[in-house]
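Work through each task with the structure in view before you turn to its solution.

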Amino acid sequence: MRSVFVISIFTFISSFVCAQTTDYKIFRKQKQHPTCTVLDSTIVNDVLSELLAIDTTPFTSNLDYYYKDLGMAYYQVYLSREDSSLLRSSIAAYSKIKVPTDADYWNMMHIHCMLGECQKGEAYLKLYREATPLAFQTPKEEEILRIQHSCQIASQLHIDIQTFEQNGVQKAGAMAWHSPKSAYSAYKRRFDYIILNAPKIHAPDQAEARKKLFGLYPDTLELKAEYLRILIQDSTLSTNVLTMMRAIDASGVGQPKAPFSKAQFFEVASRFFLIDSISPKGKIQTHVCIGINGQQELANSAQFHLLAAFCYEAIFTDFDKEVSVIDEVFEIHRQELSEIILKDKKRNRISFYQQVLFQKMAKDVLFQKALLEYFESHRGDLPFEIQ
């Protein structure tokens with residue numbers, strides 16, 4: 001989320017010495033010169049180090065400019081290191097400015113949004129709007145909207161890194177989940193489903209892309225930052241997450257809702273009950289899983305992402321009950337199918353029997369009843385209707 005940042009770039013042409021003036025703005029002009037060159041990581045690190053070495057005690061006027069320089073320097077170093085603590089330091093520097101300008105409010109808004117702190121970002125955006133003539137705001141509306149959307153997505157994501165040893169080499173993998181700090185944590189399961197299944201980076205054919213991403217280890221900060229950047233820029237993930245958030249916020253009022261039939265609802269839900277294998281003796285192995293299921297086989301499966309996410313939530317919420325109707329139904333059909341397979345000489349037809357189990361689940365009246373009851377209890381927080 002590297003947006004246009006309100007900046008005035010300078011490089012320091014010499015080490016700082018004791019100030020000969022009490023006005024930082026004059027001192028600044030004496031010690032800096034504008035540059036149009038690209039600032040590489042070495043230059044921006046040197047600038048930050050030299051700023052931190054300044055003794056600000058002698059300065060009695062225009063010290064706000066020092067904190068502007070320091071805040072910008074922390075931000076520029078962040079762009080090369082991707083260490084979020086540098087953004088925190090940038091915020092701390094900007095917060096010491098006594099008379100902020102519209103540019104300072106914009107920068108603070110942008111940094112808080114980069115950290116996924118959307119409410120604070122909104123507060124500084126309001127201050128920016130109040131301090132900026134409308135004519136100057138209008139050209140930035142599209143950028144503001146993009147920053148806000150990116151912030152909303154980032155605030156819903158949490159990335160875990162798991163390390164392991166392979167052939168004596170320490171490696172790492174990573175997985176994105178719904179943030180435990182999210183205001184939407186009551187709907188964690190549906191968010192988890194979308195975060196895992198919607199992004200392109202998680203698709204089976206993206207193994208090389210994931211390998212490249214995980215290859216950033218042992219720099220875990222860079223790995224997390226790059227993973228987050230990829231997810232935020234994924235339009236399918238962003239659209240689905242924002243759609244879910246808006247539906248929850250609207251509580252069923254005034255939001256357009258996509259129509260799905262009951263048959264589609266039951267079919268999508270049934271595809272979580274997957275046969276993994278059939279043994280030579282006809283014993284079947286099944287599982288119900290967030291990632292490996294039969295959803296991908298549906299025609300235009302992407303249009304069912306939100307419906308599948310809700311089905312996953314409904315099924316596993318039912319599983320959590322002391323007596324789960326859905327689990328009992330599943331077990332009955334599992335046993336029925338096992339008996340049929342035992343009599344089948346071509347019992348290794350996994351794909352065929354997967355479809356049989358899907359159909360049995362989709363047509364089960366108790367399964368349908370449990371799903372519809374759960375839908376009714378959540379009708380107001382969903383972006384779709386079951387007709």
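## Exercise 1: The second largest pocket

β4 (169-178), α9 (188-197), α10 (207-214) and α14 (305-319) each give at least two residues to the lining of the second largest pocket, where helices (H or I, at least four residues) and strands (E, at least two) are DSSP runs, numbered from the N terminus. The model is a predicted one, in which local features need pLDDT of at least 70, side-chain atom pairs count only at pLDDT 80 or more, and totals for chains, interfaces and linings use all residues. Residues are numbered from 1 along each chain as its sequence is written, and side-chain values use heavy atoms, with hydrogens and water left out.

**Task.** Describe the volume and the lining of the second largest pocket.

**Solution.** Begin with the idea behind the search: rolling a probe the size of a water molecule over the atoms shows where empty space is left. On a 1 Å grid over the protein atoms alone, a pocket is an open set of points with protein on both sides within 12 Å along at least five of seven lines, a cavity is a set of points where a 1.4 Å probe fits but cannot get out, and lining residues have an atom within 4 Å of a point. Grid points are joined across faces, edges and corners, and a volume is the space filled by probe spheres set on the points.

Next, take the values: the second largest pocket holds about 450 Å³ of space. Its lining has 24 residues, and Leu196, Asn197, His202, Pro204 and Gln296 are the closest to its centre. Finally, sort the lining by class, which gives 16 nonpolar, seven polar and one charged; here Ala, Val, Leu, Ile, Met, Phe, Trp, Tyr, Cys and Pro count as nonpolar, Asp, Glu, Lys and Arg as charged, and the others, Gly among them, as polar.

## Exercise 2: His202

**Task.** Is His202 buried or exposed, and which residues does it touch?

**Solution.** First, locate His202 in the loop between α9 and α10. Its relative accessibility is 18%, so His202 counts as buried (buried means under 20% relative accessible area, exposed over 50%, partly exposed in between, with a 1.4 Å probe and protein chains only). Then list its contacts (heavy atoms within 4.5 Å): leaving out residues up to four places away in sequence, His202 touches Ile195, Leu196, Arg210, Tyr227 and Leu231. One further step concerns its side chain, which reaches the backbone oxygen of Leu196 at 2.9 Å.

## Exercise 3: An aromatic pair

**Task.** What is the geometry of the pair formed by Phe310 and Phe384?

**Solution.** Rings of Phe, Tyr and Trp (its six-membered ring) pair if their centres lie within 6.5 Å, and planes under 30 degrees apart count as stacked, over 60 as edge-to-face and the rest as tilted. By this rule there are 23 aromatic pairs. In one of them, Phe310 and Phe384 are edge-to-face, with 5.9 Å from centre to centre and 70 degrees between the planes. This pair links distant parts of the chain, Phe310 in helix α14 and Phe384 in strand β8, 74 residues apart. Both Phe310 and Phe384 are buried.

## Exercise 4: Backbone angles

**Task.** Where do Asn62 and Asn167 lie, and what is the phi of Asn62 and of Asn167?

**Solution.** Keep in mind that most residues other than glycine have a negative phi, and most peptide bonds are trans. Asn62, in the loop between α2 (41-52) and α3 (64-81), has a positive phi of about 60 degrees although it is not a glycine. Asn167, in the loop between β3 and β4, has a positive phi near 55 degrees.

Notes: A polar contact is a pair of N or O atoms within 3.5 Å; within protein, one must be able to donate a hydrogen and the other to accept it, and residues adjacent in sequence count only if both atoms are side-chain atoms.
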